Amino acid sequence: MDNPPPDAHELTVGQVAGRSGVAVSALHFYERKGLIHSRRTAGNQRRYPRDVLRRVAFIRVSQRVGIPLSDIRKALAELPEGRTPTPRDWARLSAAWRGELDARIAQLQRLRDDLTGCIGCGCLSLRHCRLSNPYDRLGAEGPGPRRLLTDEPPAS
């Protein structure tokens, strides 16, 4: 890794990739999506402000917990002057995402708990389905594994 000097105000794309653990292609993708920004040198090389490392970390952590890039972009756009998120910003943004994350956790728990007995469509076991999905009532809710695709708890 090409370590930048500690007092460097700008970093090359390789330095950002090495320091952040994100591939150069991902950095270019983030830039195309408006999540990070660089300037171009006279030789048309990208130079990133050093604080892009915090933005990339914010993006990676947000993605890791399942936040879509479109929501991450909106969150970053809410920051004054497009600045890098601070710990206070992260606390505020993550609090706004808490409800969505709680719903995903509940859905994953249902998936884990039902995984061996039912795939959510009511058709894995005809004997069991007559009890949990009589007359295919889940079919009226739509196609696919209804218990696992919805954010609502399964019908009893």
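## Basis of the description

Residues are numbered from 1 along each chain as its sequence is written. In this predicted model, local features need pLDDT of at least 70 and side-chain atom pairs count only at pLDDT 80 or more, while totals for chains, interfaces and linings use all residues; side-chain values use heavy atoms, with hydrogens and water left out.

## Overall organisation

The protein chain contains seven helices and three strands, where helices (H or I, at least four residues) and strands (E, at least two) are DSSP runs numbered from the N terminus. Their order from the N terminus is β-α-α-β-β-α-α-α-α-α.

Of its 156 residues, 31% count as buried (buried means under 20% relative accessible area, exposed over 50%, partly exposed in between, with a 1.4 Å probe and protein chains only). The accessible surface of the protein chain is about 10200 Å², and carbon and sulfur atoms hold 55% of that surface; such areas come from the Shrake-Rupley method with a 1.4 Å probe, and for residues only the protein chains shown count as cover. Among contacts (heavy atoms within 4.5 Å) with a separation of 6 or more, 53% join residues 24 or more positions apart.

## Helix α1 and its cover

Helix α1 spans residues 13-20, and its buried residues are Val13, Gln15, Val16, Ala17 and Ser20. The elements covering these residues include β1 (10-11), α2 (24-32), β3 (46-49) and α3 (52-64). Just after α1, Gly21 adopts a positive phi of about 80 degrees.

## Pro6

Pro6 lies in the segment before β1 and is exposed, with a relative accessible area of 75%. Its C-alpha atom is separated by 9.8 Å from that of Arg50, 44 residues apart along the chain.

## The pair α3 and α4

The axes of α3 and helix α4 (residues 69-78) come within 10 Å and cross at roughly 140 degrees. Axes here are lines fitted to C-alpha atoms, for helices over the stretch in contact, and angles run from 0 to 180 degrees between N-to-C directions.

From α3, the contact is made by Arg55, Phe58, Ile59, Ser62 and Gln63, and from α4 by Leu69, Ile72 and Leu76. By class, this contact has five nonpolar, two polar and one charged residues, with Ala, Val, Leu, Ile, Met, Phe, Trp, Tyr, Cys and Pro counted as nonpolar, Asp, Glu, Lys and Arg as charged, and the others, Gly among them, as polar.
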